[in-house]
Amino acid sequence: MFGFEIQQKKNIMTASMNVYTLEKSVLNVDCIDKKKALRSFSHVKIDRVSHFIPPDSYSEFFENCLLRNQPCILSSLNTAAWKSRKDWTCPNGKPNFEFLRETFGHAVVPVANCKREKYSSQPKENKSFSDFLDYWQNYIESDYSENLDSFYLKDWHFSRDFPNYKAYETPCVFTSDWLNEFWDSKADNDDYRFVYMGPKGSWTPFHADVFRSFSWSANICGRKKWIFYPPGEEENLCNKYGHLVYNIDSAELSDAKLYPNYSKVKSRIEVIQEAGEIIYVPSGWHHQVHNLEDTISINHNWLNGCNVDICWQYIKNNLLQVQHEIADCREMEGWDEQCQLILNATVGIDYDEFLRFMEVISENRINQLQNHLLLVTDQFDGEPKEQDTDINWPLDKYFVDKIEVLKTGVSSAADSKCLTPSGGCKMTEGQINHCVFDLQSVKDILHDMILTHEFCHLNNCKNRANDLIKTIDTLFNSIAQTNCMH
Ligand SMILES: O=C(O)CCC(=O)C(=O)O
Ligand SMILES: [Fe+2]
């Protein structure tokens, strides 16, 4: 169907346990190319998933939405049990201002002014949350008067500010989240988990997300209109100076002298997200968002083995731009390092930190797999605990070569921690497979990194990347030699 096929050789071990050997010879296309091929089959429509997504549908979502990079909306059943949906809203569906003020009023929050534009974004300032709520209630009382400002509380690191208040639980399909896993491991106490609150009419200008990550966004109350353009269309939405349009509905787009490529735009997708629904925004899809009512939402930016190549490509492209901008001082000593500094200041990460990112993600998975191997081999004296939940996640479909994986029957249970093994427990087959897929995805990036001149030029980076590739290969060999599911 997608122009390539993974053949498998199947040896029946016992009735319930098969060994799958993936033949390297039929996997002669790079995994990154296979991911690209899957993404090129765009629907240009947004599916609504009307049911609760249990962990055993993980592989369906993985294939249809994450690998294919296609947007979708999950039904409100997926947020029905969240504390924020009960505590933060009134029976009539409006925000519960009293509860919010009493519980979180003392917090300091970032607030954007939607009626102003400064350097292609809405200027932001910090306010106390109770002041913001006072403004919001007055604005509603004025019937959203044209004469008043439209303020939008954005990018509030709510979980960081209130770690003991469990406002929500990340749905299983969004839990392979390398971005927050990495940022949580750093000392700077930053993350990509946010709360947004805005009155009717507040909006977010046209953009693609940080590092070209995915996002998911759940409406706690209210409704949003989303306008999407698939990756690549943004080139037609830039003016003759190469600047992306700020408001996708502005009249200036029809000025052919200013936006010479606008007539080439092929697809625009609009969708209304209702209260309780969660929208999944794929990697590199540009979007603009309007609050149609007083709306509260929770969102995460995240990335994983499905889109890490898009992120790495984005960072490489940004370095090219930086190099172009300071090309006139190329001969000066330390020019490469200077480019990395500017890259970090503009994009938020440089090559050295991206390698650190890959190292942290791999270390976590290598440790999990090594602990599992210890538990299932003779070196462990004691009874390993069984994990009671599994995800339905067949590795053989997701392009990993040179690995023998033991398949057993899979069970399912509604546990959103489905991808993370609990301490002392054997990993489930699905968890093992996912770890292997993740490590293979890191390996693909490392291989690309060491082919990049600027990367190899940086102190010790090439050695670190090569060492990590060797460690991953050694682990893959031990997995292949061990009956993992003993
Ligand atoms: O809800 C909004 O205003 C913007 C959210 C957004 O851009 C996102 O979740 O990626
Ligand atoms: Fe966004």
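The legends below describe close-up views of a predicted model. Local features need pLDDT of at least 70 and side-chain atom pairs count only at pLDDT 80 or more, while totals for chains, interfaces and linings use all residues. Residues are numbered from 1 along each chain as its sequence is written, and chains are lettered from A and ligands numbered from 1 in the order in which they are written.

**Figure 1. Overall content of the protein.** The protein has 13 helices and 16 strands. Helices (H or I, at least four residues) and strands (E, at least two) are DSSP runs, numbered from the N terminus. Of its 486 residues, 37% count as buried. A residue is buried if 20 or more other C-beta atoms lie within 10 Å of its own, exposed if 12 or fewer, and partly exposed in between, with C-beta atoms placed from the backbone. Among the contacts with a separation of 6 or more, 80% come from residues 24 or more positions apart. Two residues are in contact if their C-beta atoms, placed from the backbone, lie within 7 Å.

**Figure 2. The sheet of four strands.** The open sheet runs in the order β9-β14-β11-β12, and its pairing is antiparallel. Two strands pair if DSSP finds at least two bridges between them. Strands β9 and β12 (269-273) stand at the edges with a single partner strand each, so one side of each has no neighbour in the sheet. On average, neighbouring strands of this sheet are turned by 15° against each other, direction ignored. Axes are lines fitted to C-alpha atoms, for helices over the stretch in contact, and angles run from 0 to 180 degrees between N-to-C directions.

**Figure 3. Strand β14 and its two partners.** Strand β14 (residues 286-291) is largely enclosed by the rest of the structure, because five of its six residues are buried. Strand β9 (residues 203-207) is joined to β14 by three bridges, and the two run antiparallel. Thr204 has Val289 of β14 as its bridge partner, and His207 has His287. Strand β11 (residues 224-229) is joined to β14 by six bridges, again antiparallel. In this pairing Phe228 stands opposite His287. In a regular strand the side chains alternate between the two faces of the sheet.

Figure 4. Strand β5 (residues 108-113) pairs with strand β7 (residues 151-156) in the antiparallel sense over three bridges, and Ala112 has Tyr152 in β7 as its bridge partner.

**Figure 5. Helix α8 against helix α9.** Helix α8 (residues 308-325) and helix α9 (residues 335-347) pack at an angle of about 120°, and their axes are 9 Å apart. The angle therefore makes α8 oblique to α9. Angles under 35 degrees count as roughly parallel, over 145 as roughly antiparallel, 65 to 115 as roughly perpendicular and the rest as oblique. The crossing is right-handed. A crossing is left-handed if the near helix is turned anticlockwise from the far one by less than a right angle, and right-handed if clockwise. Ile315, Asn318, Leu319, Val322 and Gln323 of α8 make the contact with Cys339, Ile342, Leu343, Thr346 and Val347 of α9. These residues divide into seven nonpolar, three polar and no charged. Ala, Val, Leu, Ile, Met, Phe, Trp, Tyr, Cys and Pro count as nonpolar, Asp, Glu, Lys and Arg as charged, and the others, Gly among them, as polar.

**Figure 6. Helix α10 against helix α11.** The axes of helix α10 (residues 351-376) and helix α11 (residues 429-449) come within 10 Å and cross at roughly 145°. This crossing is left-handed. Residues of α10 in the contact include Leu355, Met358, Arg365 and His372, and those of α11 include Ile432, Asp438, Val442 and Met449. The contact of α10 with α11 has eleven nonpolar, three polar and two charged residues.

**Figure 7. Two exposed loop residues.** Asp190 is in the loop between α7 (178-185) and β8 (193-198). Asp190 counts as exposed because it has 12 C-beta neighbours inside 10 Å. Lys240 lies in the loop between β11 and β12, and with 11 C-beta neighbours inside 10 Å it also counts as exposed. Not counting residues up to four places away in sequence, Lys240 touches Leu258 and Pro260. Lys240 and Leu258 are 18 residues apart in sequence, with 5.6 Å between their C-alpha atoms.
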